[in-house]
Structures are given as C-alpha cells and as structure tokens.
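Please read it with the model open.

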Amino acid sequence: MLSARRLFGTNGIRGLVNKELTPEMAVKVGCAIGTFFENGTLLMGYDARTSGPMLAKAVIAGLNATGCGVLLAGMAPTPTLQYAVKHSKLKGGVIITASHNPPEYNGIKVVWNDGIEISREQEIAVEDIYFNERVKLSKWSAIGETRDLPGVIDDYVEAVKKHVDTAAISGKHFHVVVDAANSVGALAAPRLLRELGCKVTTINANIDGTFPGRPPEPRPENLTDLASTVKAMSADLGVAYDGDADRSIFVDEKGQIHMGDESFALVEKYFLKDNPNEKVVTPVSSSSLIKDIADAYKGKIVWTKVGSVTVAQTMKKLKAKLGGEENGGIFYGPHQPVRDGAMSTALILQIMAKTGEKLSKLIKELPQYFIEKDKVECKEELKEKVLEKLISEVKELNINTIDGVKIWFKDEQAILIRPSGTEPIYRLYAEAKTERKAQKLVKEYTLRLRKIVASLNR
Ligand code: MG
C-alpha cells in the first residue's frame, strides 16, 4: 500500500506488518512526527491488532527521541482516543490502527490537538521530514517521557451521554446486540449502552487481534451472525463496528441489515427537524437519499471528495454539525466532527426512543433507491485524460467534478464515475428508483466509458 515518496494514504499510513510497516520504519515515522510537532505531549493508543503494542512502542521511541512526551492510553476505539486528545488538551496524538483492513495490516494515524486527523498539507510536512532526513533528535537531557493515561473510556462514555436524551432512551429498556469484531468495539459501546438502560448482548466481544469471529469490515456478508442473533433474541437493534469502532452498521428488529446511507439519512432527518438550515457534509459517493432528506428538511448539502479525513476537515472549516458516509461513518459535530461508532449508536437509539418506532419502520419511511455498480479497466496513466474527455462530453448536464464525475438526471437518477485510488480501474455507481433503471444507467455509462478508454488507448 505504501508508495515510493508518499507515506499517507486516504486514512493515515497503512501497510503489511513487518513487510511494509516494520519496527524500523515505525521508529523513523515516530521521529518524523515528533519533529513535526516540535515538542509537547502526544497521546498514543491502538486497536486490538496483534502488532499494535509493538508498533506503538516503536513510534513512541521516535517521539521521545525528538523530545515529545507521550501519554499512553493503550487499547481503545479510535474515536475514544480522538476525544481524549481534545479533552486532555494535548498537542496531538498517534493512533495505531488499520481500521477495517485484514489482520495482517496495521497503520499509523496522526491527529491534531482537536482530535481530527491532520490535513494533507500537514501530512506533506511530515513526509518531507521523513524522506529528506530532516529529523531533529533532541539533546540527551531533553528526551521525552512516557506515562500511562488511564480512564480514557470513562471520559468518552460520559461525553457521548451528554449529547443524547438519556432519560428517553433509558425509559425504553431496549435490547441491543453488539457485534464488536473481536476488537475495540467491545470496550466502550457495550458499557455506554448499559449505562443508557439497555439490555446488551454481545457477539465477537473477546479481544483477539486475529479477528476469528468475522473480518473487521462490517459488510453485509460478514454480519449474518449478528442479523440472525437479533432476530432469534427478538432484540430491538443490532450494531456492528469495524476494527477500530469508528464506523457502525445497523440491523433492525427483523434482522435486516441497513447500509450506512440509510442510517446516516435517518440521523440527518431527525437532526434537521431540530436544526433546520444546518449544513450536512458528505462525499459525492453518498446516495441521493442524503440530498432528498436535506431538501425535504431544509438542510444544506456540502459535497466533498471521498474520504473521512476530507469530511472531518470540511466540517471543521465550515463549523458544520453533521457529516456522514455511505460506509457507516457518522460525524456528530457537537460531540466531535469525526466518525464515531458509539455516538452513532446512541443517536439511533435516541430516534427510536423519541419516535417510539421500530428501526425497520423508521428506515422504510425514507426514500428508497436501488444501487447498481460496475467497473471499467483503465491504465493509471490514462485516468486523467479519460476523466477530461468524459467531463467534456457531459458538461451540459447537472454535474459535480470534485471527485470523478457525479451526474444527477431528472426522474431521480444519478451516477458517480470515479477512478480507483488503488487499482487500474474506474468505478461506476448508479442509482435510481427501480432496479431496472439503475441497471440501464450503469450499463449505458459503462459502455460510454469503455469507448473513451478505447479511443485514448490507441
Ligand atoms: Mg475505521
């Protein structure tokens, strides 16, 4: 995953442990991060991966060597660690996690003093120090110290509770099934839910960095155990987290798994009912559902490039209170403008409590769309020319070119055509009110894109 002169991808530094992400490299990255922050104290924490403590120690050695102090929070969800950086008034933090990637991967995320991941400009500054040997080691007498920081989960659970109507939720005695993916999702959410008066059943809640229960990505095919458990136990709600518990996917009382667009749209609807005219920040990959809800409840959509850091940075810049992604990331600004699985769960429960409705009904009330996907092969070096040609062909239509091309058509159809960041392909995502219309639309643009690629390939 790591390229020659670039460390950071869409979500921090990611790589195969002991192949791309070695202890030697982690020490050097720690030195570069420490040089970037100059001095002060940073937070350090990790998810349940087997390589977490090893990489954390290596990064800490680099941070201490450059004069930065470290408060070691240990194993915790990413949003818990992000909250701790802000709450403890630290200069920043480093989180060792590879989120939803398979167990053999890990990663290094760097966050600023507000808990938000650093911007691309700041990443470039760290890369410059790393690649151009600009590390500044401190004098022996100024080497940083490392101390433990206990209690980050206590503070985080209290903070989430402040942003919901705890009495309304407690009064309902919901039964919630939590699928923690054998990772840090088991550490904060079950406790939060019990404190919110819920009966909690957990699955995959033993911490195990080999992820024996299911892969850490909460895709529908990985959540069949959760869906059947919710149904078998007649629970009110099921929730599955990804490997670092910043994303959440919900299952209704009938055992239906709902994609992130739907849970985000639900939160958006009830947020805008209480806060009309607020901005809602979302990538162009989100469903038209998000736009429909914004139009119906007087919200203002701000489209961004795909990627959670861009959403968080945009929210910070615009002081927006709500953001979301189709993959189950919900950003609730009043708490913190970053993806937060436990916060999202509390918000969904609050909606169920206040409306007195089951989740299946609440989702059914949202506009329905059918999504069809396809891909077209395209060499890396042709990607830019293909995009230019495509844009020139569709520029008369209602389009947005912030990331690939998104086209909105009449009769509630839309398509996003976007070059993959990691593979030599273009991806197409079409949506429409019927399955047939979505299939027709994706087919039309797949053919069109193939023609463009072929014409430029000569
Ligand atoms: Mg994640």
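**Cavities, sheets and selected residues**

The second largest cavity holds about 40 Å³ of space. The model is a predicted one. The chain is divided into domain 1 (13-150), domain 2 (156-364) and domain 3 (370-457).

**Second largest cavity**

- The lining of the second largest cavity consists of Pro77, Tyr156, Val184, Gly185, Ala188, Ala189, Tyr241, Ala245, Gly341 and Ala342.
- At least two lining residues come from each of helix H7 (185-195) and helix H12 (341-355).
- Helix H7 makes the biggest contribution to this lining, giving three residues.
- One of the lining residues is Ala245, which sits in the loop between strand S9 (237-241) and strand S10.
- Ala245 is not a glycine, yet its phi is positive, at about 60°.
- The relative accessible area of Ala245 is 5%, so this residue is classed as buried.

**Largest cavity**

- The largest cavity is lined by Gln82, Lys109, Glu117, Asp246, Ser308, Val309, Ala312, Phe331, Pro337, Val338 and Arg339.
- Two or more residues of this lining are given by each of helix H11 (308-318) and strand S16 (336-339).
- The class count for the lining of the largest cavity is five nonpolar, two polar and four charged residues.
- Why is the largest cavity said to lie between domain 1 and domain 2? Both domain 1 (13-150) and domain 2 (156-364) give residues to its lining, so the cavity lies between them.

**Six-stranded sheet**

- Six strands form an open sheet in the order S1-S5-S4-S2-S3-S6, and the pairing is mixed.
- Strand S1 (13-16) and strand S6 (146-148) are at the edges and have a single partner strand each, so one side of each has no neighbour in the sheet.
- On average, and with direction ignored, neighbouring strands of this sheet are turned by 20° against each other.
- Strand S4 (residues 92-96) pairs with strand S5 (residues 105-111) over four bridges, in the antiparallel sense.
- Val94 has Val110 of S5 as its bridge partner.

**Five-stranded sheet**

- A sheet of five strands, also open and with mixed pairing, has the order S8-S7-S9-S10-S11.
- Its edge strands are S8 and strand S11 (257-258), and each of them pairs on one side only.
- Strand S10 (residues 248-251) and S11 run antiparallel and are joined by two bridges.
- Opposite Val251 stands Ile257, a residue of S11.

**Domain spacing and residue pairs**

- The centres of domain 1 and domain 3, taken over C-alpha atoms, are separated by 38 Å.
- Thr210 belongs to the loop between strand S8 (199-203) and helix H8 (224-232).
- With a relative accessible area of 47%, Thr210 is partly exposed.
- From C-alpha to C-alpha, Thr210 and Glu423 are 26 Å apart in space, and they are 213 residues apart in sequence.
- Ile452 is part of helix H15 (residues 435-457).
- Is Ile452 buried or exposed? Its relative accessible area is 2%, so Ile452 is buried.
- Ile452 and Leu387 are 65 residues apart along the chain, and their C-alpha atoms are separated by 9.2 Å.

**Positive phi at Lys319**

- Lys319, a residue other than glycine, has a positive phi near 55°.
- The loop that holds Lys319 runs between H11 and strand S14 (322-324).
- Lys319 is exposed, with a relative accessible area of 71%.

Technical notes. Residues are numbered from 1 along each chain as its sequence is written. This is a predicted model: local features need pLDDT of at least 70, side-chain atom pairs count only at pLDDT 80 or more; totals for chains, interfaces and linings use all residues. Side-chain values use heavy atoms; hydrogens and water are left out. On a 1 Å grid over the protein atoms alone, a cavity is a set of points where a 1.4 Å probe fits but cannot get out, and a pocket is an open set with protein on both sides within 12 Å along at least five of seven lines; lining residues have an atom within 4 Å of a point. Ala, Val, Leu, Ile, Met, Phe, Trp, Tyr, Cys and Pro count as nonpolar, Asp, Glu, Lys and Arg as charged, and the others, Gly among them, as polar. Domain bounds come from an automatic or database domain assignment. Grid points are joined across faces, edges and corners, and a volume is the space filled by probe spheres set on the points. Two strands pair if DSSP finds at least two bridges between them. Axes are lines fitted to C-alpha atoms, for helices over the stretch in contact, and angles run from 0 to 180 degrees between N-to-C directions. Buried means under 20% relative accessible area, exposed over 50%, partly exposed in between (1.4 Å probe, protein chains only).
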